[in-house]
Amino acid sequence: MVIYSQQVAAGADHFVLLAIPFFVLAGLAMEANGMSSRLIELLLRMMGRLRGGINLITIVATAVFSGISGSKLADIAAVGGIIMPAVRRSRQDPNETAGLLACTAVMAETIPPCVNMIIFAFVANVSVGGLFVAGLVPAAFLALLLATVAIWYGGKVDPEHLKASDRSLAQLIVGSLVALIMILMIGRGVMAGLATSTEISAFAVVYALVVGGLAFRELTMRITMRLFVQSAAMAGSILFIVAAASGFAYALTIEQIPSLISATMIDFGHAYGSVMFVLLAAVVMIFFGAVLEGAPALIIFGPLLTPIAAQLGVNPLHFGTVMVIAMGFGLFAPPVGLGLFATCTMTGTRVQDVARPMMKYLAILALGLVILVLFPTFSLWLPAKFGMN
């Protein structure tokens with residue numbers, strides 16, 4: 001028990017994991033000081049009149065906020081809190097939107113600074129910056145696939161139903177620029193290697209609290225204290241999962257279970273090739289992403305499967321991107337995906353009502369995942385361009 005406790009404590013005692021509470025705090029700060037609401041309302045007014053406009057806004061908004069908070073549930077809470085009232089005012093189907101919202105979380109799993117990308121990079125000994133860059137093109141590809149289906153099944157709504165406040169368009173544009181500058185600075189810092197992910201996350205917190213607070217003056221002392229409590233609770237739960245899963249992974253190692261799985265997977269890879277190995281690994285991650293939740297699945301199988309993939313000639317950045325997307329697919333897929341239950345709770349819908357309309361989005365995401373496995377260029381083109389592969 002003493003050794004196990006030491007493994008649990010060591011599981012969360014790493015500098016790179018400091019990025020998790022910082023990015024969570026930055027995302028919640030954006031929501032609390034009004035940066036999120038202004039940006040999403042601007043998207044509603046600009047794109048709401050298009051065919052499938054609300055669906056497109058859901059995709060774009062989730063992608064944008066995934067570049068800040070790092071937590072998919074925080075993104076869903078921020079986007080769903082503004083999108084869903086507009087959906088109900090315009091008499092659209094909330095189950096359709098809730099299903100799409102869950103699928104956009106899968107699409108956005110590889111948009112930096114995703115917490116699960118940080119966890120995978122940490123446990124599999126892969127460059128965090130390289131993995132961040134590798135995930136951008138796959139996320140854009142999946143977003144394009146989702147947008148195609150969203151437009152095909154979407155309809156037009158009355159723009160008057162989409163107004164969430166009396167702010168003028170100029171006020172919304174100025175407010176949105178404050179948020180976009182923060183997103184661009186985070187992206188530039190990651191792409192150019194100006195700072196580590198932990199340093200960038202700390203800067204994002206300072207920017208969201210200081211610049212956002214001064215620009216909109218919506219942060220009171222009471223709200224700020226509640227904000228820190230919420231972020232501590234959310235980050236604490238994530239890091240506790242990481243710590244506990246590290247202890248579990250150690251127990252599996254003592255029982256020599258990874259070596260047994262490793263031998264089987266290596267034989268499979270040599271018999272059927274590296275592509276079939278990556279497809280099998282993706283299926284494994286989809287299953288355990290649904291059963292174990294995201295972080296434990298990555299912590300257990302990331303360090304186990306990544307060396308095998310490297311032996312078979314699979315680039316670790318490509319493999320990590322596929323693993324994180326597959327994990328997200330399982331996390332938000334019915335019938336047992338914990339992320340889907342959380343999404344339905346936040347949007348006021350029921351899983352049994354959301355499952356059917358979201359199937360078309362899950363199908364296109366599954367097709368996209370297979371394409372990403374078959375064509376590693378999607379993951380490796382951008383890192384090669386920046387010399388990170």
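Trainee: Let's start with Thr58. Which helix is it found in?
Mentor: Thr58 sits in helix H4. Keep in mind that we're looking at a predicted model.

Trainee: What is Thr58 in contact with, if I skip its neighbours within four places in sequence?
Mentor: Val79, Ile83, Thr97, Leu100, Leu101 and Thr104.

Trainee: And how does H4 pack with H6?
Mentor: H4 covers residues 53-66, and its axis is 9 Å from that of H6, at an angle of about 30 degrees. The crossing is right-handed.

Trainee: Which residues meet there?
Mentor: From H4 you have Ile54, Asn55, Thr58, Ile59, Thr62 and Ala63. On the H6 side they meet Thr97, Leu100, Leu101, Thr104, Ala105 and Met107. By type, that contact divides into seven nonpolar and five polar residues, with no charged ones.

Trainee: Changing topic: how many salt bridges does the structure hold?
Mentor: Two. One of them joins Lys360 and Glu96, with their closest N and O atoms 3.0 Å apart.

Trainee: Which parts does the pair of Lys360 and Glu96 tie together?
Mentor: Lys360 lies in helix H18 (residues 351-374) and Glu96 in helix H6 (residues 94-107), so the bridge links parts that are 264 residues apart in sequence.

Trainee: Does Glu96 count as buried or exposed?
Mentor: Glu96 counts as buried, because its relative accessibility is 15%.

Trainee: What about the salt bridge of Asp353, which residue is its partner?
Mentor: That's Arg350, and the N to O distance is 2.9 Å. Asp353 is partly exposed, with 30% relative accessibility. Arg350 is partly exposed too, at 49%.

Trainee: Let's move to Gly328. Where is it?
Mentor: Gly328 is in helix H16, which runs over residues 316-332. It counts as buried because its relative accessibility is 0%.

Trainee: What does Gly328 contact, leaving aside neighbours within four places in sequence?
Mentor: Val106 and Glu109. Its C-alpha atom is also 9.8 Å from that of Ala102, although Gly328 and Ala102 are 226 residues apart along the chain.

Trainee: And how do the axes of H14 and H16 cross?
Mentor: They cross at roughly 35 degrees and come within 7 Å, with H14 covering residues 274-292. It's a right-handed crossing.

Trainee: Which residues make the contact between H14 and H16?
Mentor: H14 brings Phe277, Val278, Ala281, Ala282, Met285, Ile286, Gly289 and Ala290. H16 brings Phe319, Val322, Met323, Ala326, Met327, Phe329, Gly330 and Leu331. The residues of this contact divide into 14 nonpolar and two polar, and no charged ones.

Trainee: Zooming out, how many helices and strands does the chain have?
Mentor: There are 19 helices and zero strands.

Trainee: How much of the chain do buried residues make up?
Mentor: Buried residues are 55% of the 389 in the chain. The chain exposes about 16,300 Å², and carbon and sulfur atoms supply 68% of that area.

Trainee: Last one: among contacts between residues at least 6 apart in sequence, what share join residues at least 24 apart?
Mentor: The share is 82%.

Note on methods:
Residues numbered from 1 in each chain as written. Predicted model: local features only at pLDDT ≥ 70, side-chain atom pairs only at ≥ 80, totals over all residues. Heavy atoms only, no water. Helix = DSSP H or I, 4+ residues; strand = E, 2+ residues; numbered from the N terminus. Buried < 20%, exposed > 50% of the residue type's maximum accessible area, 1.4 Å probe, protein only. Contact = heavy atoms within 4.5 Å. Salt bridge = Lys/Arg side-chain N within 4 Å of Asp/Glu carboxyl O. Axes fitted to C-alpha atoms, helices over the stretch in contact; angles between N-to-C directions. Left-handed = near helix turned anticlockwise from the far one by under 90°. Nonpolar A, V, L, I, M, F, W, Y, C, P; charged D, E, K, R; others polar. Areas by Shrake-Rupley, 256 points an atom, 1.4 Å probe, with all protein chains shown as cover.
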